[in-house]
Amino acid sequence: MARFDEVKNLVMSLEGDFEKFYEKNNQAAGTRVRKGMQDLKTLAQEIRSEVQNTKNAAA
């Protein structure tokens, strides 16, 4: 569950930048959103690999 908390925390940390970008057209916030989404993608891939390895080890 710690990995799930990491995902939640990352998404929640981006909330302010999403608001700044979409509501106030702050371009720097858009850059931070893009970086955060790339981090989320990387984290998701790591979790997928862990799940697959755990599943395969159990079989």
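Guide: Buried means under 20% relative accessible area, exposed means over 50%, and partly exposed lies in between. Keep that in mind as we look at this predicted model.

Visitor: Happy to! Is Glu 50 buried, partly exposed or exposed?

Guide: Glu 50 counts as partly exposed, because its relative accessibility is 36%.

Visitor: How do I read the packing of helices H1 and H3?

Guide: In general, two packed helices are described by the angle between their axes and the distance between the axes. Here, H1 (residues 2-13) and H3 (residues 27-58) pack at an angle of about 170°, their axes lying 10 Å apart. That makes H1 roughly antiparallel to H3. Sorted by class, the H1 contact with H3 has 6 nonpolar, 1 polar and 5 charged residues.

Visitor: And which residue forms a salt bridge with Glu 50?

Guide: The general idea first: side chains of opposite charge can pair when their charged atoms come close. In this model, Glu 50 pairs with Arg 3, with 3.0 Å between the closest N and O atoms. Arg 3 is partly exposed at 22%.

Visitor: What about Asp 17: where does it lie, and where is Arg 32?

Guide: Asp 17 and Arg 32 form a salt bridge, their closest N and O atoms being 2.9 Å apart. Asp 17 lies in helix H2 (residues 15-24) and Arg 32 in helix H3, so the pair ties together parts 15 residues apart in sequence. Asp 17 is buried, with a relative accessible area of 12%, whereas Arg 32 is partly exposed at 36%.

Conventions
Residues are numbered from 1 along each chain as its sequence is written. This is a predicted model: local features need pLDDT of at least 70, side-chain atom pairs count only at pLDDT 80 or more; totals for chains, interfaces and linings use all residues. Side-chain values use heavy atoms; hydrogens and water are left out. Axes are lines fitted to C-alpha atoms, for helices over the stretch in contact, and angles run from 0 to 180 degrees between N-to-C directions. Helices (H or I, at least four residues) and strands (E, at least two) are DSSP runs, numbered from the N terminus. Angles under 35 degrees count as roughly parallel, over 145 as roughly antiparallel, 65 to 115 as roughly perpendicular and the rest as oblique. Ala, Val, Leu, Ile, Met, Phe, Trp, Tyr, Cys and Pro count as nonpolar, Asp, Glu, Lys and Arg as charged, and the others, Gly among them, as polar. A salt bridge is a side-chain nitrogen of Lys or Arg within 4 Å of a carboxyl oxygen of Asp or Glu. Buried means under 20% relative accessible area, exposed over 50%, partly exposed in between (1.4 Å probe, protein chains only).
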